[in-house]
Amino acid sequence: MGSDLVIDSITVKRGELPVVRDVSLTAPAGKVTVLLGSNGAGKSTLLDGISGVIPVASGSVSLGDEPIQTLRRDRRAAKGLAYVEQGRTIFSNLTVQENLAVAVKRGKNYDEAFELFPELKPRLRITAQMLSGGEQQMLVLARALVSDPKVLLIDEMSQGLAPVIVKRLLPIVQTAAAKGIAVLLVEQFAHLALGIGDRASVMSVGTVVLEGTCTELLGRMDDVRRAYLQGESAAADTERIAQAG
Amino acid sequence: MSGLRRGSIPSLLTLMGVMLVLVAVVYPAPKYWQYVATVGLIQAAIGLSIGVVYGSAGMLSLCQVSLAAVGSWTVGYLSGQSGIIPAPWSIPFGALLAVPIGLLVGLPAMRLRGVNLAIVTLGFAVAIYSVGEAGEVPGSSPTFFVSLPAWLSGKGMWFLFVWASFLGLAAAVIVLRRSRWGLTWLAIARSERAAASMGVSVFRTKLTAFGVSAFIAGWAGGMLVATIGSPDPGTFSPLECLSFFVLAVMMGAGYWEGALALGFFNAVSSALLRQWNLPPEIGSLLFAVGSVQVLSAGHGGFSGDVRRLINRRRRRDEHVVTLRSRDASAPAIARTDGPPPAIDIGSGLQFRDLTVKYGAVTALDSVTISVPERSIVGLVGPNGAGKSTLVDAASGFIPSYTGNIMVDGRSLDGMPVHHRARLLRRTFQSDRTVGELNPGDYLRLSAVKAVTIAEIGEILDFVGCPATRTRLDQLDVRTRRLLMIGSCLVGQPKVALIDEPAAGLSADESEDLGLRLLDIPERFGAAVLVIEHDMELVRLVCPTVAVLDFGKLIAFGPTAAVLDDPQVQAAYLGDELVVPA
Amino acid sequence: MYEQILGGLVAGGVYAALAVCVVVMYQMLGVLSFAQSALGALGACSMLWFQSFGMNPWLSVLLGLVVGAAIGVVAGWIMARYFLEASVEVRSAATVGFLVASVAIGNRILNGSTYSFPDPFGGRTVTIGGQGIPIATLVEVTLAFVLAVGISVGLKKTFLGAQLRAMSERATTAQLLGVRVGLLTVLVWSAGCVVSTMALVFVLPTSTTSFPPLAYLIVPATAAALLGLLQNIYMAALGGVLIGIAESLVLASRFGRYTDAIPFLIVVAVMMYWRRKDVWSEAR
């Protein structure tokens with residue numbers, strides 16, 4: 001069973017520079033929450049802050065009621081946070097099986113993972129380096145899922161993948177949410193993500209400038225486009241759409 | 001490419017100022033403190049030497065202190081043992097003799113990098129140390145004395161000599177760092193492959209770094225033996241080499257002020273230890289704790305931190321660089337249907353039956369693609385299809401392949417990477433610009449031969465980046481990406497290979513990029529091969545496209561036709577992927 | 001000449017064991033530990049200290065290993081706490097700090113005292129091919145190779161090994177998956193220091209009672225590790241033995257005063273020959 005991911009007014013800095021400024025967001029359990037924005041908007045930095053790759057400068061991150069922003073990264077993983085980083089971070093010198101073994105939580109087996117990714121089963125003994133790009137992305141997702149997460153963060157899964165593969169993988173994100181996991185999906189390509197998400201937020205220059213349900217935003221692509229391009233001045237007036245749920 | 005550049009002058013003035021303060025304080029001081037200051041300046045000079053080879057050129061050479069030993073022995077022999085050339089005239093000889101030895105040490109650096117090089121140079125330091133201990137090499141045994149001539153023995157005169165030496169060496173380093181040599185040092189420190197693709201001879205660059213560094217170290221060693229009177233092998237022990245290196249990293253000796261700080265710190269701390277009658281072990285322990293502390297905190301060392309503070313203040317005054325939009329009056333004809341490609345052409349870029357194998361894996365299988373001059377061809381395909389291998393083969397990073405790669409009918413076989421750069425330029429998927437440089441210097445570096453301000457301005461205009469003094473690592477990703485493309489064009493190549501330029505860019509940024517790419521053939525006379533996953537960009541920019549899958553060419557023709565081909569769709573596209581317009 | 005070769009095995013075994021340590025720590029932790037022989041020497045010196053109270057030699061060896069493990073825990077803790085995100089170069093530079101501190105402490109311990117350390121095997125020898133080989137030497141060389149095999153197998157077959165290999169490749173990602181990188185760092189450092197203490201224990205009976213030469217054993221050890229390209233444990237061990245033998249041969253020759261230059265000469269010759277065609281493979 002998942003927990004809600006609650007982010008309250010967090011600021012994340014890279015060096016001296018605040019890249020994420022005062023962002024609040026909730027990714028409810030069982031739903032896919034989409035995070036959009038152009039290059040440099042701060043999406044990856046936000047995920048880095050949530051997962052502990054970068055310490056949060058201020059604000060809080062909670063899994064359910066439990067604040068986790070002061071915990072070490074492996075402690076957060078133990079609490080149920082899984083982070084699929086950008087760039088397919090497989091352990092290239094380990095076999096597929098070893099990649100999964102490092103992540104798997106006690107009591108969990110690989111059945112679910114093989115159900116979703118049957119391609120991995122015959123490749124258990126193959127070194128991860130030998131897999132194709134699409135298979136590597138599957139491995140990374142499978143690895144996250146066998147860690148029995150309550151919250152799943154995914155950063156730009158589609159980058160560098162053939163479109164036919166991306167179409168294969170996106171529904172799996174929905175399946176994960178259906179199991180009760182809170183999914184926060186960061187994507188560059190708005191249409192892809194909005195097609196499978198429940199709610200979405202658009203970030204620009206470190207803050208959230210637009211929020212709403214995915215269906216609504218799909219009907220307002222001009223606003224989404226403008227939000228992608230908004231500069232600092234527009235960050236002052238954020239727009240919130242009354243949501244229907 | 002020589003001569004003082006505007007950018008050197010502030011540094012030179014600051015150096016002069018600091019050195020004047022130093023001489024004003026030390027010259028009237030008692031002899032003991034002059035001695036301390038003298039030794040400190042010599043150590044600062046050794047720090048400069050490490051700063052050149054590691055701070056600027058990024059090579060982990062742990063044996064610069066040993067090269068100082070060579071200078072010491074030379075002076076010891078010439079002025080002490082045999083008396084042929086009296087000090088201080090023997091000092092330049094010591095510096096010059098250290099150069100070929102330093103170049104010899106540089107040779108392993110052609111094939112070894114990082115910690116591997118560190119190990120080899122440490123071994124060299126131990127070898128030199130054992131030579132020094134044996135005392136058989138002329139000038140290395142402590143049985144004679146190097147004395148100073150009368151005119152240098154007077155009050156403060158030797159200190160002034162050492163002071164002037166450091167001033168000269170530091171000024172030379174400042175000027176060199178801004179010169180072509182310095183730009184190439186910084187370039188290879190960042191990425192050897194990118195530097196070579198820009199026409200930089202990595203071999204020559206490493207040699208100049210080792211050569212200059214050895215000269216400085218040799219000069220310092222000569223001064224040291226003249227100061228102490230006779231060589232002391234203990235000063236060049238491996239432990240000293242290692243400690244010195246770490247100090248240089250901590251202080252950021254790539255910059256002259258870091259080297260000076262190193263000398264100052266060393267001199268003052270050992271003087272204080274002596275004053276307070278503390279055992280040397282205390283000094284060692286303090287160094288140990290201090291080094292761990294400083295290393296865990298920073299990057300670029302102490303002077304790197306100082307420079308960053310100064311830069312931060314300056315940056316607040318400059319506005320954030322934004323991309324100017326493309327000139328709207330020039331119409332963009334997005335051709336999506338070109339003529340069918342000719343197979344054999346006499347101009348432009350031609351791959352013929354190119355096959356690359358890594359052991360059992362065939363990365364490219366008999367690929368034939370032609371990019372006619374002044375045209376744009378796209379290259380698409382799933383990850384692992386061999387696109388990057390194709391570009392690497394063209395650049396010269398793949399040692400063995402079968403088939404032909406030709407530019408304007410001339411085969412590239414056997415041409416080293418930096419020679420190919422005259423004909424063929426490429427970008428990289430990851431950011432390989434040289435962060436310490438500003439856009440103008442970066443383009444100057446890439447031009448290889450002399451280039452006018454107007455030509456640099458032309459590129460900056462094409463890229464949409466104003467001429468700014470801001471360092472590249474403080475500009476945004478999109479500007480750096482475009483500058484990397486611009487650096488290809490400043491060399492007036494026949495062919496430009498552009499590798500996934502739109503990765504991570506938004507739809508609008510991609511379109512802006514695409515429109516700029518369209519201008520390249522007309523404006524710069526180059527043939528362009530664009531590798532991309534972004535189909536919108538490919539349709540906009542490329543009239544012809546080639547599709548690779550598992551190393552094989554599965555389609556090559558007019559873009560619309562190819563992308564509609566069911567075989568291509570099945571392998572790669574799925575159904576039409578909608579990207580926000 | 002046979003004598004020299006056997007004599008070289010003593011040093012060679014130490015170099016082999018240290019080289020294995022260096023390679024493992026480089027691969028697992030991304031650090032080139034310049035302090036490895038110095039830290040081991042500290043552990044071995046503690047053993048001498050216990051001995052000087054008349055303690056049973058075997059017990060003092062055991063306690064020395066415990067001290068070695070403790071030193072490793074301290075070093076590992078510092079590395080895990082402050083250098084987790086650092087580059088290989090910065091971490092390795094930090095070990096120079098450990099080296100300097102060890103030499104300072106070691107000098108204090110050894111200075112002026114006359115320690116003697118009896119051979120735990122009582123100087124007994126085994127006769128092979130007409131020559132007597134000290135048992136201690138045989139045990140030492142065998143242990144070095146057993147160590148190499150054990151580590152190699154352990155890394156491939158055990159779960160801990162998989163975790164270590166994952167950590168060595170991508171420490172951050174491993175952490176995000178729940179691997180306790182800090183704990184593993186301390187563990188590897190501790191084990192490494194135990195091994196180097198053991199290696200130095202073998203060298204003590206035959207060395208001078210001055211600390212810096214013990215610290216400088218790291219130079220032939222890293223040269224041997226480089227012969228294994230900092231990857232291959234077996235090549236590193238073999239390289240260590242070869243360097244030891246080469247040194248011993250040179251020591252007996254006319255050039256005996258330049259023995260210390262041997263590691264450099266060997267490693268440069270071998271590396272330059274191996275790498276002569278390899279222009280771009282390692283370049284970024």
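Over which residues of chain A does pLDDT stay under 50? I looked that up before anything else, since this is a predicted model. The stretch is residues 231–245 of chain A. The model still has 20 contacts there beyond four places in sequence. I then checked chain A as a whole. Its average pLDDT is 85, and 91% of the residues score at least 70.

**Entry: domains of chain B**

I turned to chain B. Its division gives domain 1 at 8–312 and domain 2 at 349–573. I looked up the spacing of their centres, taken over C-alpha atoms, and found 42 Å. The two domains do touch: domain 1 of chain B puts in 14 residues, and domain 2 of chain B puts in 21.

On the domain 1 side, I noted α8 (180–190) and α9 of chain B as the elements that give two or more residues. Helix α8(B) has the largest share, with five residues. By class, I listed seven nonpolar, five polar and two charged residues on this side.

**Entry: chain B against chain C**

Next I looked at the contact between chains B and C. I found 40 residues from chain B and 45 residues from chain C. Which elements of chain B give two or more residues to this side? I noted α5 (114–134), α9 (192–197), α11 (238–251) and α13 (280–297). Helix α5(B) supplies the largest share, 15 residues. I sorted the chain B side by class and got 26 nonpolar, nine polar and five charged residues.

**Entry: the sheet in chain B**

I traced an open sheet of six strands in chain B, ordered β6-β7-β8-β3-β9-β10. The pairing is mixed.

I picked out one pair. Strands β7 (495–499) and β8 (527–531) of chain B run parallel over five bridges. Within β8(B), Ile531(B) stands opposite Asp499(B).

**Entry: helices on the sheet**

I checked two helices. Helix α15 (387–395) of chain B packs on the sheet and touches β3 (376–380), β6, β7, β8 and β9 (544–549) of chain B. Its direction makes about 145° with that of β7(B). Helix α20 (507–524) of chain B lies across β3, β7 and β8 of chain B. I read its angle to β8(B) as about 155°.

How values were computed:
Residues are numbered from 1 along each chain as its sequence is written. Chains are lettered from A and ligands numbered from 1 in the order in which they are written. This is a predicted model: local features need pLDDT of at least 70, side-chain atom pairs count only at pLDDT 80 or more; totals for chains, interfaces and linings use all residues. Two residues are in contact if their C-beta atoms, placed from the backbone, lie within 7 Å. Helices (H or I, at least four residues) and strands (E, at least two) are DSSP runs, numbered from the N terminus. Ala, Val, Leu, Ile, Met, Phe, Trp, Tyr, Cys and Pro count as nonpolar, Asp, Glu, Lys and Arg as charged, and the others, Gly among them, as polar. pLDDT is the predictor's confidence in each residue, from 0 to 100. Two strands pair if DSSP finds at least two bridges between them. Axes are lines fitted to C-alpha atoms, for helices over the stretch in contact, and angles run from 0 to 180 degrees between N-to-C directions. Domain bounds come from an automatic or database domain assignment.
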